[in-house]
Amino acid sequence: MATVSGITVMLSCKNVVHDRHWLAVEYVWVLVPYMTYDIYVMYLCHWHKSQEKRILEKKHSLASVWSFLLQERLMVTHHLFILIVLTPITQHFRGELGDFFVGCIFTAELSTPFVSLGKILMQLKMQDTLLHKVNGILVLVTFFMCRILLFPFMYAAYGRQVGIPVYLVPFRIPLHCNIANASLIAPQLYWFTLICRKAARLYSGSPAHRSR
């Protein structure tokens, strides 16, 4: 849904700065409960895994929550950044500018179903199947396109709109836009590195390595 909404917004905004589309505003209210719910689900997964490892912590206790925050600190920070920082920006502080770029950010979710399917296949002990290998390729391609190349694409789109080379765009847009983009792409680069390492084990390692 996020990707379809994002593509719809992008195709509708011929002027990447000033054109408007209602989905760029309204769909954010779908993402907010989703991100909130996802944090809670991640906590539940962490707690159940702890129980399997005989780490007896009471559900919803301070100790279990703190353990979860320490282990998943990057993912939780990513979600909270979207909820606390990006949501007010998209809904209020950007005014009536940049619906095209909000749509671009929506498309980043294209890789999520494939990442989730990979985890499901691991849980089902299907990491040696063809389906898992094909899904791994889809994770690499969609993650790289929609979470890494997305940012140069947005800079290039702005450069085309105002008639300047892409390398000059960072110097022509407000500083806070560059800071926001850097904050968004930094964890994506880290996660993509992890995905590449896992892919290397998947396609060249032993079954023992693939199960990690």
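Which residues in α8 meet which residues in α11? Before I answer, please keep in mind that this is a predicted model, in which local features need pLDDT of at least 70 and side-chain atom pairs count only at pLDDT 80 or more, while totals for chains, interfaces and linings use all residues. Residues are numbered from 1 along each chain as its sequence is written, and side-chain values use heavy atoms, with hydrogens and water left out.

On the α8 side we have H132, K133, G136, I137, V139, L140, F143, F144, R147 and I148, and they meet I185, Q188, L189, W191, F192, I195, C196, A199, L202 and Y203 in α11, where contact means heavy atoms within 4.5 Å. These residues divide into 15 nonpolar, 3 polar and 2 charged, with Ala, Val, Leu, Ile, Met, Phe, Trp, Tyr, Cys and Pro counted as nonpolar, Asp, Glu, Lys and Arg as charged, and the others, Gly among them, as polar.

As for geometry, α8 (residues 130–148) and α11 (residues 175–204) pack at an angle of about 160 degrees, with their axes 10 Å apart, and the two helices are therefore roughly antiparallel, a term that applies to angles over 145 degrees.

Let me turn to helix α6, residues 99–106, which is mostly covered, since 6 of its 8 residues are buried, meaning under 20% relative accessible area with a 1.4 Å probe and protein chains only. Those buried residues are D99, F100, V102, G103, C104 and F106, and what covers them includes α1, α3 and α9. F100 itself has 6% relative accessibility and so counts as buried.

Note on methods:
Axes fitted to C-alpha atoms, helices over the stretch in contact; angles between N-to-C directions. Helix = DSSP H or I, 4+ residues; strand = E, 2+ residues; numbered from the N terminus. Parallel < 35°, antiparallel > 145°, perpendicular 65-115°, else oblique. Buried < 20%, exposed > 50% of the residue type's maximum accessible area, 1.4 Å probe, protein only.
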